[in-house]
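Hi everyone, thanks for making time this morning. I'd like to walk you through one model, so please have a look at it with me.

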Amino acid sequence: MAIRNVRKLGDETLETVCRPVKKMTDHLQELIDDMFDTMYDANGVGLAAPQVGVLRRIVVIDVTGEDPYVLINPEIIETEGEQQAYEGCLSVPGKVGIVTRPAYVKARALDRNMEEFILEGEELLARAICHELDHLDGIMYTTKVEGDLEDTSAPAADEEDEEE
Ligand code: NI
């Protein structure tokens, strides 16, 4: 297990569509462990493989620090409602911006044993699922920000800020 270097905005890896995982390997298991280490080390709530330079459809999410999820080849299959809040990204350090996301998200994915499961989320979990899945399609949240990107030290930034 190790902490990997997180690619920053402007790195073309972050704007590339990732390939599905067809077969689990020891190499990918190690990648998943490293993604969790890297995410927790940076106090993030989600991380996508392209953020550590690997163009595969893998994300890790943990919005409470106690509910780790690995989503492989994830797809959003249902959404409901809308929520608007500040969002951040480990690839865009020190910045946040307002993004509208669904209030509820239902996703289908494979776990690290390549078994299918359903993950449903509201609030921050719904936001994290959308944000991380966007990474797999090379979409940065900065393209969806309403208004300006703000410094995390700005007065408008509140405790809801989470970096993904
Ligand atoms: Ni991100």
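Let me begin with a term: buried means under 20% relative accessible area, exposed means over 50%, and partly exposed is in between, with a 1.4 Å probe and protein chains only. Please keep in mind that this is a predicted model, where local features need pLDDT of at least 70, side-chain atom pairs count only at pLDDT 80 or more, and totals for chains, interfaces and linings use all residues. Residues are numbered from 1 along each chain as its sequence is written, and side-chain values use heavy atoms, with hydrogens and water left out.

Let's start with the sheet. Helices (H or I, at least four residues) and strands (E, at least two) are DSSP runs, numbered from the N terminus. Two strands pair if DSSP finds at least two bridges between them. In which order do the strands of the open sheet run? There are five of them, ordered β1-β2-β3-β6-β7, and the pairing is antiparallel. At the edges sit β1 and β7 (116-122), each pairing on one side only. From one strand to the next, the twist averages 35°. Angles here run from 0 to 180 degrees between N-to-C directions, and axes are lines fitted to C-alpha atoms, for helices over the stretch in contact.

Look now at β3 and β6, which pair in the antiparallel sense over six bridges. Glu75 stands opposite Arg108 in β6. Helix α1 (residues 26-41) packs on this sheet and touches β1, β2 and β3, with its direction at about 40° to that of β2. Helix α2 packs on the sheet too, touching β1, β2, β3, β6 and β7, and its direction makes about 125° with that of β7. Contact here means heavy atoms within 4.5 Å.

On to the charges. A salt bridge is a side-chain nitrogen of Lys or Arg within 4 Å of a carboxyl oxygen of Asp or Glu. How many salt bridges does a search of the whole structure find? It finds 11, and I'll show you a few.

One of them joins the side chains of Glu78 and Lys106, at 3.9 Å from N to O. This pair links distant parts of the chain, 28 residues apart: Glu78 is in strand β3 (residues 69-80) and Lys106 in strand β6 (residues 104-110). Glu78 is partly exposed at 34% relative accessibility, and Lys106 is partly exposed at 24%.

Another is Arg57 with Asp137, at 3.0 Å from N to O. Arg57 is in the loop between β1 (46-48) and β2 (58-61), while Asp137 is in the loop between α2 (123-136) and β8 (146-151), 80 residues apart. Arg57 counts as buried, at 14%, whereas Asp137 is partly exposed, at 35%.

Then we have Glu87 and Arg101, at 2.6 Å from N to O. Glu87 lies in strand β4 (residues 83-87) and Arg101 in strand β5 (residues 95-101), so the pair ties together parts 14 residues apart in sequence. Both Glu87 and Arg101 are buried. Through shared partners, salt bridges join Glu87, Arg101, Arg127, Asp134 and Lys144 into one network.

Finally, the rings. Rings of Phe, Tyr and Trp (its six-membered ring) pair if their centres lie within 6.5 Å; planes under 30 degrees apart count as stacked, over 60 as edge-to-face and the rest as tilted. The structure holds one aromatic pair. Why does the pair of Phe36 and Tyr40 count as stacked? Their ring centres are 5.9 Å apart and their planes are at 20°, so the pair is stacked. Both residues, Phe36 and Tyr40, lie in helix α1, four residues apart, about one turn of the helix. Phe36 is buried at 10% relative accessible area, while Tyr40 is partly exposed at 34%.
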